[in-house]
Amino acid sequence: MNDGTIWLPEQASTLAPEIDALFYFVYWTSIVLFVGVVGAMLYFAYKYRRQHPGERPAPVKENKLLEISWIVIPTILVLIVFTWGFQSFVKMGTAPPNSYEITVTGEQWNWSFTYPNGTSITNELHVPVGRPVRLKMSSSDVIHSFFVPVFRTKQDVLPDRYTYLWFEATETGTFKAFCTEYCGTQHSAMDAKVVVHEQGDFQQWVKTGGGVADMPPAEYGKVLYERQGCNACHSLDGSDGTGPTWQGLYGTKNHPLSGGETVTVDANYLRESILQPGAKIAAGYGNVMPSNYNSLSERQVTSLIAFMKQQSDKTLDSGGAPLEGSAGAAQ
Ligand code: CUA
């Protein structure tokens with residue numbers, strides 16, 4: 001494995017060595033030309049400097065060989081770079097026919113990945129090593145761009161259209177993917193973990209829905225809390241965020257809503273708030289929760305609510321007020 005250099009990160013896909021070879025060809029050619037041109041310039045400036053005040057420059061005669069070579073050599077260099085780059089470009093744009101396809105959706109400001117069996121996960125792309133993977137990508141809002149530096153692949157992700165990107169990972173491990181198209185305030189935080197598994201482990205991972213098939217509800221809810229990006233807005237420690245904290249939220253009586261009325265935070269209220277975030281908005285918060293959570297499965301919604309309930313039970317366990325009078329936890 002190539003561990004990366006000051007210029008480029010490590011190589012973890014079949015395309016990477018080829019992209020890097022072209023990069024270094026341009027890089028070293030530029031250095032040789034730069035040193036040659038600047039060196040000659042400095043040398044001539046010294047050699048042909050004016051030696052005394054009355055000196056006049058001698059007429060310069062053309063040199064055919066010199067003129068032809070400074071046209072022919074750069075032309076050849078540019079053609080090499082073009083041919084080489086075009087071949088790689090075509091290769092990058094053509095996924096092998098046996099590719100494994102994963103659907104990618106970009107939305108402000110999360111990446112979600114859906115597998116052929118319906119397994120879906122947010123901000124974590126799991127792929128097998130040694131097998132071509134093709135990403136079928138679209139956006140539910142603005143233009144994003146999916147970039148995995150160690151794979152040397154990047155592609156814009158557009159609303160109302162599918163774009164594609166493929167790679168074959170050559171190393172197992174955990175890498176990073178970034179959004180590289182400015183897409184709003186949280187653009188710089190719109191990244192994803194890329195986990196490359198051994199083929200057998202990967203198959204197991206997909207079959208168990210991302211390793212969660214047999215998890216009890218509250219435990220699965222905790223996984224979803226992270227995978228679905230709930231943690232970006234809802235804290236578990238009582239601190240304020242874009243949305244209300246989940247600490248002690250479940251079971252709260254007289255939870256104030258933005259319209260002035262109140263509600264008891266029970267499973268039905270939470271369910272409605274997940275599936276239709278705009279229906280009842282907690283006082284002091286905006287109507288900013290994405291509506292795409294209505295695609296969560298029944299099991300996922302139930303598990304998330306079980307996890308929220310646990311966040312209230314914990315408050316009780318640690319000596320907090322009993323639920324009936326837990327108005328303090330409602331704030
Ligand atoms: Cu999405 Cu930047």
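Predicted model: local features only at pLDDT ≥ 70, side-chain atom pairs only at ≥ 80, totals over all residues.

Residues are numbered from 1 along each chain as its sequence is written, and side-chain values use heavy atoms, with hydrogens and water left out.

Now the domains themselves. Domain 1 covers 100-207 and domain 2 covers 217-330; these bounds come from an automatic or database domain assignment. Taken over C-alpha atoms, their centres are 28 Å apart. Eight residues of domain 1 are in contact with five of domain 2, where contact means heavy atoms within 4.5 Å.

How much area is buried between domain 1 and domain 2? About 520 Å², with carbon and sulfur atoms giving 32% of it; buried area is the accessible area (1.4 Å probe) that two parts lose on being put together, summed over both. On the side of domain 1 that touches domain 2, the largest share, three residues, comes from strand β3 (residues 120-122). Strands (E, at least two residues) and helices (H or I, at least four) are DSSP runs, numbered from the N terminus.

Next, helix α4, residues 217-227. Its buried residues include Ala218, Tyr220, Val223, Leu224 and Arg227. Buried means under 20% relative accessible area, exposed over 50%, and partly exposed in between (1.4 Å probe, protein chains only). After α4 comes Gly229, with a positive phi near 80°.

Last, helix α5, residues 267-275, which holds Glu272 and also Ser273. Is Ser273 buried or exposed? Ser273 has a relative accessible area of 16%, so it counts as buried. Glu272 has 24%, and is therefore partly exposed.

For contacts, I leave aside neighbours within four places in sequence. On that basis Glu272 is in contact with Pro277, Ala279 and Lys280, and Ser273 with Lys280 and Met289. Finally, Glu272 and Asn294 are 22 residues apart in sequence, and their C-alpha atoms are 9.5 Å apart in space.
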